[in-house]
Amino acid sequence: MDHPPVSPRARAARASLTLPVVLTPVLRWVNTVRAKVRGVAQSLVEGRGPYARAFENLIVALVIFSIASIGVESIPGLPEWATRALYVAEIVVVAIFTFEYLLRLVAARNKFGFIFSYQGLVDLLAIAPFYVLGVDARWLRALRLLRVLKLQTHFLETVVEERTRELAEKNAALEKAQAQLKAELEVARALQLAILPASFPARSGCEAAARMIPATTMGGDFYDYIELPDGQVGLVIADVSGHGVPAAFFMAVARTNLHELALHHIDPGECLAQTNDALCAQNPLDLFVTVFYCVLDPKSGVLRYANGGHNPPYIRRAAGTVETLRGAGGLVLGAMPSGRYPTHTVQLVRGDRLVLFTDGVTEAFNPAEELYGAQRLADEVHVHGGGTPAALVERICQSVTNFAGTAPQSDDITLTVLTWGAP
Amino acid sequence: MNLRIEATGNVTYVAPVGRLDFDAAPGFQEALERLLGGAGERSAAVIIDGTALEYVSSAGLRAFLLAARAAQRSGIAFALCALQPAVREVFELSGFSRIIPVHTDRASALAQTPPGRA
């Protein structure tokens, strides 16, 4: 039976296949050994283990010894045996320094980088003269003095290592503290949100909805819904100056004071005046709060309101037109005692909607740094205000967040919508 | 935020440039406190020129409130002038224009600002 003829090319191809098959285990073994040697070298010159420490101390000791021996050698009338001993010692020292240099070279990921690094050059300088000039060269002694530099690289390295470790420890402590602070702030934020009414009681004659989208930092917006003893309902929207924990505390104080005082002072302007005095009496940080407060009589549709420095709300009439509740207001609350807050009255007709908001809505920025603005809000209220209060709140929040896009939210966004005339 | 401060005679004009928001407010407040309180040479009046002031947040308003109080304590007249319409609206809505006089320009601010006791 004839074998098929084997072409020279096929033979060559087979050979080139066989060669790697034979060589692969050898190469693999070489690679393994190389990796092992490098690992050992690295653990000795770059590691932090006990062997690395011992090696490091040995080198430092040898440098000190070798520098000291220069002085000893120059003592006149040194016995022959001592000179010989120092001669041998110098050879041993250079041998160990050479071993150290090779170890560092093997361990280095970037060989050229090591050779031309400060330490690489200093290490080379500590051994090269011996090989180039021989142990007896007269001015070798002077060159050996350069080994002082070697000492410096070792101590420098130790100092840098220590500082790096200290820094890492401090960073870890800082990160832990920051995480703890963040967790506490989140709890505070949750508490703050929890004191806002989650929903408005269903009630014949009026219906309301509200939403607050907190900014990334703690803010001080709030809204409130107050059932007054005479059957009327009070509605509040407010914005504390600034951000952070102080604003959040002041918000809690303001909300509690206003809620309590509203039960005893049915007139909105009087209620704001009383709240203002209460806040001025307990305001160590000179914070203040803008408040719009209105009281609706669900039987008659009469709305009475007073404004303490807050942006005027909108009324969307049942027919769709949007008006601003412009009645003259007073100063923000908490800034100055004994302020006057005039009460205004407006008659609602069935189907009218009252839209209260904070400047987080109108002053939301988009990535191009444009303001959302009062006009956009008025347009949304005009076009989409015909549905339920909850639907309008949702619609406006969507519109603002779509507008803001990727721009960071710098202020709380708070909205409350009240309708009168639901049967 | 940059502040352009000009002292002419016994009146100091302070012209904030840009947005006076939560981040800018502390620096602005500190600068005004230096002019209005404490030791050193003081003007009889400090007038804020709002020509280049683009925006004032509630934290910015607080800086104005503290400045007005410091001015009152030190007996220095304190007023605003040449506010941009949006900023002027913030001062009117918040009621701050009732506690800090707001004038249309430097000339009328100067004419209507009674020099303080300092």
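How many bridges join strand β5 (residues 302-308) of chain A to β8(A), and do these strands run parallel or antiparallel? The two strands run antiparallel and are joined by 4 bridges; within this pairing, Leu303(A) stands opposite Val346(A) of β8(A). Here helices (H or I, at least four residues) and strands (E, at least two) are DSSP runs, numbered from the N terminus, and two strands pair if DSSP finds at least two bridges between them.

The model is predicted, and local features are therefore described at pLDDT of at least 70 and side-chain atom pairs at pLDDT 80 or more, while totals for chains, interfaces and linings use all residues. Residues are numbered from 1 along each chain as its sequence is written, with chains lettered from A and ligands numbered from 1 in the order in which they are written. For chain A, the mean pLDDT (the predictor's confidence in each residue, from 0 to 100) is 85, and 92% of the residues reach 70 or more. Confidence in chain A is lowest in helix α6 (residues 140-145), with a mean of 67, and highest in α9(A), at 97.

Chain A contains 12 helices and 10 strands. Of its 423 residues, 29% are buried, a residue being buried if 20 or more other C-beta atoms lie within 10 Å of its own, exposed if 12 or fewer, and partly exposed in between, with C-beta atoms placed from the backbone. Among the contacts in chain A with a separation of 6 or more, 71% are between residues 24 or more positions apart; two residues are in contact if their C-beta atoms, placed from the backbone, lie within 7 Å.

The pairing of β5(A) with β8(A) belongs to an open sheet of 5 strands, ordered β2-β3-β4-β5-β8 in chain A, with antiparallel pairing. At its edges are β2 (221-227) and β8 (344-347) of chain A, each of which pairs on one side only. From one strand to the next, the twist averages 20 degrees, with axes taken as lines fitted to C-alpha atoms, for helices over the stretch in contact, and angles running from 0 to 180 degrees between N-to-C directions.

Helix α8 (residues 244-264) of chain A has buried residues that pack against α7 (147-194), β2, β3 (233-240), α9 (268-280) and β4 (289-297) of that chain. Among these buried residues are Phe250(A), Met251(A), Arg255(A), Asn257(A) and Leu258(A). With 21 residues at 1.5 Å a residue, α8(A) should span 30 Å, and its end C-alpha atoms are 31 Å apart, which agrees; the expected span is 1.5 Å times one less than the number of residues.

Turning to chain B, the secondary structure comprises 5 helices and 6 strands, which run β-β-α-β-β-α-β-α-α-β-α from the N terminus on. Buried residues account for 41% of its 118 residues. Residues 24 or more positions apart make 75% of the chain B contacts with a separation of 6 or more.

Strand β3 (residues 45-49) of chain B is largely enclosed by the rest of the structure, because 4 of its 5 residues are buried. Strand β2 (residues 11-20) of chain B runs parallel to β3(B) and is joined to it by 4 bridges, with Thr12(B) partnered by Val46(B). A further pairing, also parallel, links β3(B) to strand β5 (residues 77-81) of chain B through 5 bridges; in β5(B), Cys81(B) is the bridge partner of Asp49(B).

Finally, the contact between the chains takes 16 residues from chain A and 12 residues from chain B. On the side of chain A that touches chain B, 6 residues are nonpolar, 8 polar and 2 charged, where Ala, Val, Leu, Ile, Met, Phe, Trp, Tyr, Cys and Pro count as nonpolar, Asp, Glu, Lys and Arg as charged, and the others, Gly among them, as polar.
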